[in-house]
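Please keep the sequence and the model in view while reading.

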Amino acid sequence: MQCKLISALAMSMLITANCFAAEFFADKVDYANKNNWAFFSVSEDKPVDVFIVCPTVDMGQAGNFNADITDEKIKNKFIGALNMEKGIYEDVGRMFSPFYRQAAFTIYSKSLEEQEKYLLSAYSDVSDAFKYYMANINQGRPVILAGFSQGSDMTLRLMKEFYGDKKYREKLVAAYCIGWRITKEEKKAYPQLKVVRNEKDNGRIILFNTESEGIKESIIIPANTWTYAVNPLNWKHNSRPANKNLNIGACFMDYKGNIKKEIPKLTGAYIDKKRGSLIVPDIKKEDYPPHIVQEGIYHVYDYQFFYRNLKANVKVRTESYLKKHKLSSML
């Protein structure tokens with residue numbers, strides 16, 4: 001039942017987004033103003049651009065359901081969370097990330113229908129920022145889309161809205177939508193949501209959700225839901241285990257983007273057949289507490305457990321794209 005509801009919400013998203021945005025936000029964010037961007041690195045000389053969307057940092061402690069991006073504390077949280085991810089991408093690309101009125105964490109205790117109101121409002125900002133970036137900044141450059149958690153939800157919505165158009169797909173190096181889901185129903189409604197087939201191909205999506213064995217539901221993958229996924233250790237879709245020797249290095253970051261601790265060969269991984277989650281058999285639950293979700297769901301560690309593999313893969317996919325299109329790499 002939840003799969004069908006998720007699919008129906010996805011298919012109606014583009015029709016209803018503007019209605020919800022008008023209901024919740026009477027004003028538009030001015031993305032011509034650089035102060036409305038967490039990252040806006042137009043001056044750097046790099047071969048591609050990275051449009052990256054921040055994960056949930058507003059816990060809704062003030063009773064709000066969408067973030068106030070005039071609040072400097074919230075903006076600092078945006079930058080801190082993005083700093084934990086940017087090291088994976090910044091070697092290859094100029095970084096662009098909008099402040100947006102993201103849905104607060106408290107909305108995830110609501111029904112899927114209620115959640116969608118606040119998520120659509122958040123997406124109206126992300127869509128506006130992307131439109132501004134494409135019209136005024138991009139100038140035909142290759143693009144990596146990136147996100148984590150709610151940021152990946154927003155990035156997948158960009159894929160749904162824009163990447164049915166061939167002119168967008170041709171410029172897409174890859175979309176790293178880690179910590180979110182794509183169901184079969186969504187894939188049927190939006191055929192452009194293609195998951196990568198190997199470590200080099202372009203124009204496709206990378207996604208996975210890290211869990212221990214035995215988990216039956218989570219905020220990210222509800223009960224009776226199956227999601228597409230790829231194993232970041234071997235870039236396969238099947239359930240064949242990848243040994244921890246393939247894990248180049250797990251990196252644990254602070255809000256300044258510094259690596260506090262690095263552990264090579266921390267864990268192997270395999271994809272669960274029933275849920276499409278990424279199982280990490282070598283992780284002890286007590287060593288990696290879940291923080292905001294239930295025990296055994298390693299959502300906050302999705303990037304960190306596979307940091308070096310993801311960083312290496314961004315370079316491989318970028319080189320593949322540049323070579324295919326006969327562009328100078330500068331890497």
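The structure is a predicted model. A search of the whole structure finds 31 aromatic pairs, and the largest pocket holds about 720 Å³ of space.

**Open sheet**

- Three strands form an open sheet in the order E7-E11-E10, and their pairing is mixed.
- Strand E7 (210–211) and strand E10 (270–271) each have a single partner strand, so they stand at the edges and one side of each is left without a neighbour in the sheet.
- Strands E7 and E11 (residues 278–279) run parallel and are joined by two bridges.
- Glutamate 211 has isoleucine 279, in E11, as its bridge partner.

**Largest pocket**

- The largest pocket, with about 720 Å³ of space, is lined by 29 residues, and those closest to its centre are Met84, Phe148, Tyr255, Ile292 and Val300.
- Helix H2 (72–86), strand E8 (250–253), strand E9 (259–263) and helix H7 (302–305) each give two or more residues to the lining.
- Helix H2 supplies the largest share of the lining, with three residues.
- The lining comprises 21 nonpolar, five polar and three charged residues.

**Aromatic pairs**

- Among the 31 aromatic pairs is that of phenylalanine 40 and phenylalanine 96, whose ring centres are 5.5 Å apart and whose planes are at 90°, so the pair is edge-to-face.
- Phenylalanine 40 belongs to strand E1 (residues 37–40) and phenylalanine 96 to strand E3 (residues 93–98), so their pair ties together parts that are 56 residues apart in sequence.
- Phenylalanine 40 and phenylalanine 96 are both buried.
- The ring centres of phenylalanine 130 and phenylalanine 162 are 5.0 Å apart, with planes at 55°, so this pair is tilted.
- Phenylalanine 130 lies in helix H3 (residues 112–138) and phenylalanine 162 in helix H4 (residues 150–162), so the pair ties together parts that are 32 residues apart in sequence.
- Phenylalanine 130 is buried, at a relative accessible area of 0%, and phenylalanine 162 is also buried, at 10%.
- A cluster linked by ring pairs consists of Tyr31, Trp37, Phe40, Phe51, Phe96, Phe130, Tyr133, Phe162, Tyr163 and Tyr168.

**Charges over rings**

- Lysine 184 has its charged end over the ring of tryptophan 226, 5.0 Å from the ring's centre.
- Lysine 261 lies over the face of phenylalanine 252, 5.7 Å from the ring centre.

Technical notes: Residues are numbered from 1 along each chain as its sequence is written. This is a predicted model: local features need pLDDT of at least 70, side-chain atom pairs count only at pLDDT 80 or more; totals for chains, interfaces and linings use all residues. Side-chain values use heavy atoms; hydrogens and water are left out. Two strands pair if DSSP finds at least two bridges between them. Helices (H or I, at least four residues) and strands (E, at least two) are DSSP runs, numbered from the N terminus. On a 1 Å grid over the protein atoms alone, a cavity is a set of points where a 1.4 Å probe fits but cannot get out, and a pocket is an open set with protein on both sides within 12 Å along at least five of seven lines; lining residues have an atom within 4 Å of a point. Grid points are joined across faces, edges and corners, and a volume is the space filled by probe spheres set on the points. Ala, Val, Leu, Ile, Met, Phe, Trp, Tyr, Cys and Pro count as nonpolar, Asp, Glu, Lys and Arg as charged, and the others, Gly among them, as polar. Rings of Phe, Tyr and Trp (its six-membered ring) pair if their centres lie within 6.5 Å; planes under 30 degrees apart count as stacked, over 60 as edge-to-face and the rest as tilted. Buried means under 20% relative accessible area, exposed over 50%, partly exposed in between (1.4 Å probe, protein chains only). A charge sits over a ring if NZ of Lys or CZ of Arg is within 6 Å of the ring centre and within 35 degrees of the ring normal.
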